[in-house]
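Please have a look at the sequence and the model, and then read on.

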Number of protein chains: 2
Amino acid sequence: MSVSDKTKPAALIASDRVEGAPVFRSNHKRIGSIKRLMLDKKRGTVAYAVMSFGGFLGIGDDYYPLPWALLTYDETLGGYRVDVTDEQLLGAPKFARDNWDFGDREREVELLGYYGYPPF
Amino acid sequence: MSVSDKTKPAALIASDRVEGAPVFRSNHKRIGSIKRLMLDKKRGTVAYAVMSFGGFLGIGDDYYPLPWALLTYDETLGGYRVDVTDEQLLGAPKFARDNWDFGDREREVELLGYYGYPPF
C-alpha cells in the first residue's frame with residue numbers, strides 16, 4: 001500500500017446502510033433491493049451482495065447474488081445502480097428464498113465470471 | 001488462487017447475522033455487541049467492525065472499532081470472542097456515539113497496528 005493510498009479518504013459505508021437500499025438499472029428503473037451482504041469470514045471481504053428481486057421481467061421474487069463491484073451508489077437515485085442487460089438478468093445465478101449461500105467458492109468465481117469480473 | 005482454494009467451502013456469513021451479535025472476551029465475559037460493519041466501498045472489504053461497548057471497566061457506552069481478524073465466532077458462546085487485555089481496551093481507539101467513520105485510511109492502519117495486525 002502506498003502512502004497516498006493511506007492518506008486518501010477511505011470511503012467507508014456502514015453495512016446496515018447497504019441493507020435495504022434500493023437497486024436500479026441504468027435506465028433508473030427500480031428492480032429490487034439489497035437484502036444482505038455475504039461476507040467471507042476468513043478474507044474479510046464482501047463475497048457478494050444478495051438482491052431481493054421484485055419479480056421484474058416475469059421472474060419470481062428470488063434472491064440474486066451480485067458482485068460488489070457491480071454496485072455503484074447513485075446519490076441522485078438514493079440507491080445502487082447496476083448495469084445489467086435483460087439477458088444477463090434472465091440467465092443470472094439466483095437462490096430460492098432463504099437460501100443465499102453458495103457454500104462453495106467455485107460458484108463465487110462463476111458468479112464473478114458471469115458478470116464479467118476476474119476471479120478475486 | 002489455487003484450485004483447492006476454489007473448491008473449499010467459502011465460509012460465508014450474512015452481514016445481518018453479524019450485526020447485533022454479542023462480543024465476549026476470552027474469559028467469556030460479555031463486553032458488548034457488534035453494531036455494524038464498516039465496509040471499504042472500493043476494495044469490497046470489511047474495514048472494521050464497530051462494537052457497542054457496554055460500559056465495562058468504567059468506560060462509557062462508546063463505539064469501538066475492531067479489526068475483523070480480531071473477531072472469532074464461538075459457537076458455544078453464540079457470539080464473537082476477542083482476545084484483548086484490559087489495558088488494550090482502556091487505550092483503544094473509539095468513537096463518540098454516532099460517529100463511527102475514521103474518514104481516513106491512515107487511522108485504519110493505526111487501528112490494525114494497535115491490535116497487532118499488519119496494515120492490510
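## A bridge in chain B

Which residue forms a salt bridge with Arg25(B)? The partner is Asp86(B), and the closest N and O atoms of the pair are 2.6 Å apart. A salt bridge here is a side-chain nitrogen of Lys or Arg within 4 Å of a carboxyl oxygen of Asp or Glu. Asp86(B) sits in helix 3 (residues 86–91) of chain B and Arg25(B) in strand 2 (residues 22–25) of chain B, so the bridge ties together parts that lie 61 residues apart in sequence. Helices (H or I, at least four residues) and strands (E, at least two) are DSSP runs, numbered from the N terminus.

How accessible are the two partners? Arg25(B) counts as buried at 7% relative accessibility, while Asp86(B) counts as partly exposed at 31%. Buried means under 20% relative accessible area, exposed over 50%, and partly exposed in between (1.4 Å probe, protein chains only).

## Where the model comes from

Before going further, please note that this is a predicted model, in which local features need pLDDT of at least 70, side-chain atom pairs count only at pLDDT 80 or more, and totals for chains, interfaces and linings use all residues. Residues are numbered from 1 along each chain as its sequence is written, chains are lettered from A and ligands numbered from 1 in the order in which they are written, and side-chain values use heavy atoms, with hydrogens and water left out.

Over all chains, the whole structure holds 12 salt bridges. One of them joins the side chains of Arg43(B) and Asp40(B), at 3.5 Å from N to O. Asp40(B) is buried, with a relative accessible area of 1%, whereas Arg43(B) is partly exposed at 34%. In chain A, salt bridges with shared partners link Asp40(A), Arg43(A) and Arg105(A) into one network.

Another pair is Arg81(A) with Asp74(A), whose side chains meet at 3.1 Å, N to O. Here Arg81(A) is partly exposed, at 22% relative accessible area, and Asp74(A) is buried, at 12%.

## How the two chains are related
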